[in-house]
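Me: Please take a close look at one helix in this structure, with its packing partners and its charged contacts. I would like one connected account, with the rest of the chain as background.

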Amino acid sequence: MSPRQRKSQFEWNLLVLVTVALVLFGLVMVYSATSASAALGHRSSTGYLERQGVYAVVGFVLLVVAARTDFRRLQALAPGLVVASLAGCVAVLVVGTRVNGARRWIGLGPAAFQPSELAKLALVVWTATYLARRRPPQTLKELTRPLGLLVGAFCALVIVEPDLGTVIVILVMVGAMLLVSGIRLPLLGSAYGIVLGLAAIAAWSSPYRRERLLTFMHPWQDPTNAGLQNVQALISLGSGGVFGRGLGQGIEKIHYLPEAHTDMIFAVIGEELGLVGAAILVAGYAAFAYAGLRLAIGCRDPFGKRLAAGITALVCGQAAINLAAVLGLAPLTGIPLPFVSYGGSSLVVMLASVGILLNIARGERGRAAAAVPDRGRRDGRPRGAGARGGGSLARARSAGELRRVAGSRRGAARS
């Protein structure tokens, strides 16, 4: 096995190991975060676990399908994915279910679908397709049309829901793909400076977002109302200490910490498993980022390189934003912790995205196997099809045959 094959195999193994470990760990923590409150409310203590288990099975099926399907086929599907995602983001504003002041979900019987989750993956695929076929943008005008306009349209629809966290994740993953494409840093900095200015205006013009921002800055001024979630998350993390209270022994999750099984599940982990458990979880995301970025940097396919960078930024960027919000380092944005938080749309889309990453790694391993170095050549370049030295041997044989034929003809003439 060549060094390049070993690298691709290592990335593939690491991505599979981390993903499976995070999903299984998430199932355990979802049960721990919901069983006590469900039992006190005279509901099934395993209800959330069973639904999350179904979502995990569906997600792993999509992961296997995506891992066995050539990722280049996604280029033809990119326009359709974008159109479907835009339609979903418009539809959720009209027929979506309002929960906690936000309209982000479309009810589908016993389940609910969040169109913004599909929109993130659709944007990654379309942006990778667009950037792979063109040179990196050289001016703000080139960056704006059509990439900036499409990203702006998605962000405008999502911010109306409102869902600031998804907007930030979209900007992070698009920025990662632009960096991998070779865009000049001053140009990217100018573009994001304009975006931050517009974001500040949007945040201050909305009472909902302005309250979130002020609560983040001073959560203890209103610890029982606007700052309740921030304060209880910090109390939960602080109560865990180094080794935690023990799995299932948390107190804050029982009617004290809002959304303990979704946005705030990291606070439950910190309380029950302590600093050690939280650090291991963060190390898992760091390992995922290492494998994904290493795959993106080493990928020779232009589309695959940008796609791997975007998916890695999607998963790890969302994890970083969630962790920062729970730790009080950023405003609460309402996005789940990838693979761990309760939520069907997020889990299914994330697992499908990992399947695409695995197929990119598999393709790189196949290309490395195809390029077999010829040890008989001093430059170490791959040899062509056929036996080594077959060309010179064939030429020698043909020359010998010509000499034998010519000799036989001369003998026949003399006789």
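Reply: A residue counts as buried when its relative accessible area is under 20%. By that cut-off, buried residues make up 46% of the 415 residues in the chain of this predicted model. The chain has 13 helices and 3 strands. Of the contacts between residues at least 6 apart in sequence, 72% join residues at least 24 apart.

The helix to look at is H4, which covers residues 115-132. Two of its packing partners are described here, H3 (residues 74-95) and H11 (residues 302-326). Two packed helices are described by the angle between their axes and the distance between the axes.

Take H3 first. The axes of H3 and H4 cross at roughly 150° and come within 8 Å. This crossing is left-handed. On the H3 side the contact includes Leu-74, Ala-78, Leu-81, Val-82, Ser-85, Gly-88, Cys-89 and Val-92. On the H4 side it includes Pro-115, Ser-116, Leu-118, Ala-119, Ala-122, Val-125, Trp-126 and Thr-129. Sorted by class, the contact of H3 with H4 has 13 nonpolar residues, 5 polar residues and no charged ones.

Now H11. H4 and H11 pack at an angle of about 150°, and their axes are 8 Å apart. Angles over 145 degrees count as roughly antiparallel, so H4 and H11 are roughly antiparallel to each other. The crossing of H4 and H11 is right-handed. From H4, the residues that meet H11 are Lys-120, Val-124, Val-125, Ala-128, Thr-129, Leu-131 and Ala-132. They meet residues of H11 including Pro-302, Phe-303, Arg-306, Leu-307, Ile-311 and Leu-314. The contact of H4 with H11 divides into 10 nonpolar, 3 polar and 2 charged residues. Lys-120 of H4 and Arg-306 of H11 are among the residues of this contact.

Glu-142 and Arg-135 form a salt bridge with their closest N and O atoms 3.0 Å apart. In that pair Glu-142 is partly exposed at 29% relative accessibility, whereas Arg-135 is exposed at 56%. Another salt bridge joins Glu-272 and Lys-253 at 2.6 Å, N to O. These two residues are 19 apart and link distant parts of the chain, with Glu-272 in helix H10 (residues 265-298) and Lys-253 in the loop between H9 and H10. Glu-272 is buried at 0% relative accessible area, and Lys-253 is buried at 6%. Finally, Asp-70, Arg-72 and Asp-301 are linked in a network of salt bridges.

Definitions and conventions. Residues are numbered from 1 along each chain as its sequence is written. This is a predicted model: local features need pLDDT of at least 70, side-chain atom pairs count only at pLDDT 80 or more; totals for chains, interfaces and linings use all residues. Side-chain values use heavy atoms; hydrogens and water are left out. Helices (H or I, at least four residues) and strands (E, at least two) are DSSP runs, numbered from the N terminus. A salt bridge is a side-chain nitrogen of Lys or Arg within 4 Å of a carboxyl oxygen of Asp or Glu. Buried means under 20% relative accessible area, exposed over 50%, partly exposed in between (1.4 Å probe, protein chains only). Axes are lines fitted to C-alpha atoms, for helices over the stretch in contact, and angles run from 0 to 180 degrees between N-to-C directions. Angles under 35 degrees count as roughly parallel, over 145 as roughly antiparallel, 65 to 115 as roughly perpendicular and the rest as oblique. A crossing is left-handed if the near helix is turned anticlockwise from the far one by less than a right angle, and right-handed if clockwise. Contact means heavy atoms within 4.5 Å. Ala, Val, Leu, Ile, Met, Phe, Trp, Tyr, Cys and Pro count as nonpolar, Asp, Glu, Lys and Arg as charged, and the others, Gly among them, as polar.
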